[in-house]
Amino acid sequence: MIDPPLRGHPAKADRSAIHWTFFRQWLKNPLAIAALSPSSRRLAREMVKQLPEHPGRVIELGGGTGVFTRALLERGVHPNNLLVVELNEELHRLLQQQFPEVHVVRGDARELQAIIEGEGFAEAGGVDAILSGLGLLSMSRGTQRRILTAAFSVLGPNGRFIQFTYGPASPVSRDLLTELGISVHRGGVAWRNVPPAAVYVFTRNRSTSIRAVRTHKR
Ligand SMILES: C[S@@+](CC[C@H](N)C(=O)[O-])C[C@H]1O[C@@H](n2cnc3c(N)ncnc32)[C@H](O)[C@@H]1O
């Protein structure tokens, strides 16, 4: 049990408990968790570097142990403007304990549109960035399509989807990007993450068909 709530960075004992929880979830469902251990703080820093200069509303997908959540708050994202989505029950509980001031939802990234509508988190196109800790590379093309379609339906016209991968190239194929009207460029690389991870930034092409959805004000 983690002593709630954790302010700043977790103490060593809490870190071990967090890593152990993550590992147990990996044992139960390696495909969904998609990594043996949580991402490093170095990778988290590379991810948040790709945020716009003054991010308003931000969504994190697959919050896991909260490494990226903490980096987002440190980067200046206001807790009221942050929505974290996590599918795993135990990791969701862990996130709620650590970040009681942040809106943490247990849900599936494929249902993002319904989640933010239900939560009244953002207005039409009101999300500036989505930071994804999902193991997108190990997901089927159909699942990638559903997640990216849902993500770009809630992002504003200049919104960006920030994703890391352990692979040597974008985790989403050129074909699927063309189909969805999305462009990609590589941001940084966290060489000292184990294994090293690259950060990719996905944005809409100018005449894309994925449009922002109208949702209620929070
Ligand atoms: C590679 S882990 C990364 C977690 C986090 N960045 C960390 O280092 O602790 C992927 C996370 O995505 C979650 N996840 C997998 N599929 C999901 C889905 N469809 N919707 C929401 N979360 C999902 C998993 O439960 C896991 O916590």
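## A tour of helix pairs

Start by selecting helices α6 and α7: their axes cross at roughly 35 degrees and come within 8 Å. To see what touches, show the side chains of Leu 112, Gln 113 and Ile 116 on α6, then those of Ala 150, Ala 151, Ser 153 and Val 154 on α7, which together make the contact. Sorted by class, this contact of α6 with α7 has five nonpolar residues, two polar ones and no charged ones. Keep in mind as you look around that this is a predicted model.

Stay with α6, which covers residues 112-119. Which residues of this helix are buried? Select Leu 112, Ile 115 and Ile 116 to find them. Now turn the view to look down the axis of α6: the buried residues fall within an arc of 90 degrees, so they line one face of the helix. Next, bring up what covers them, including the strands β1 (57-61), β2 (82-86), β3 (103-106) and β4 (127-132), along with helix α7 (141-154).

For the next stop, select α3 (residues 41-48) and α4 (residues 67-74). These two helices pack with their axes 9 Å apart, at an angle of about 50 degrees. That angle makes α3 oblique to α4. The crossing of α3 past α4 is right-handed.

Finally, show the side chains between them. From α3, pick Arg 41, Leu 43, Ala 44, Met 47 and Val 48; they meet Val 67, Phe 68, Ala 71 and Leu 72 of α4. By class, the contact of α3 with α4 has eight nonpolar residues, one charged residue and no polar ones.

Technical notes:
Residues are numbered from 1 along each chain as its sequence is written. This is a predicted model: local features need pLDDT of at least 70, side-chain atom pairs count only at pLDDT 80 or more; totals for chains, interfaces and linings use all residues. Side-chain values use heavy atoms; hydrogens and water are left out. Axes are lines fitted to C-alpha atoms, for helices over the stretch in contact, and angles run from 0 to 180 degrees between N-to-C directions. Helices (H or I, at least four residues) and strands (E, at least two) are DSSP runs, numbered from the N terminus. Angles under 35 degrees count as roughly parallel, over 145 as roughly antiparallel, 65 to 115 as roughly perpendicular and the rest as oblique. A crossing is left-handed if the near helix is turned anticlockwise from the far one by less than a right angle, and right-handed if clockwise. Contact means heavy atoms within 4.5 Å. Ala, Val, Leu, Ile, Met, Phe, Trp, Tyr, Cys and Pro count as nonpolar, Asp, Glu, Lys and Arg as charged, and the others, Gly among them, as polar. Buried means under 20% relative accessible area, exposed over 50%, partly exposed in between (1.4 Å probe, protein chains only). The arc is that of the directions from the helix axis to the C-beta atoms.
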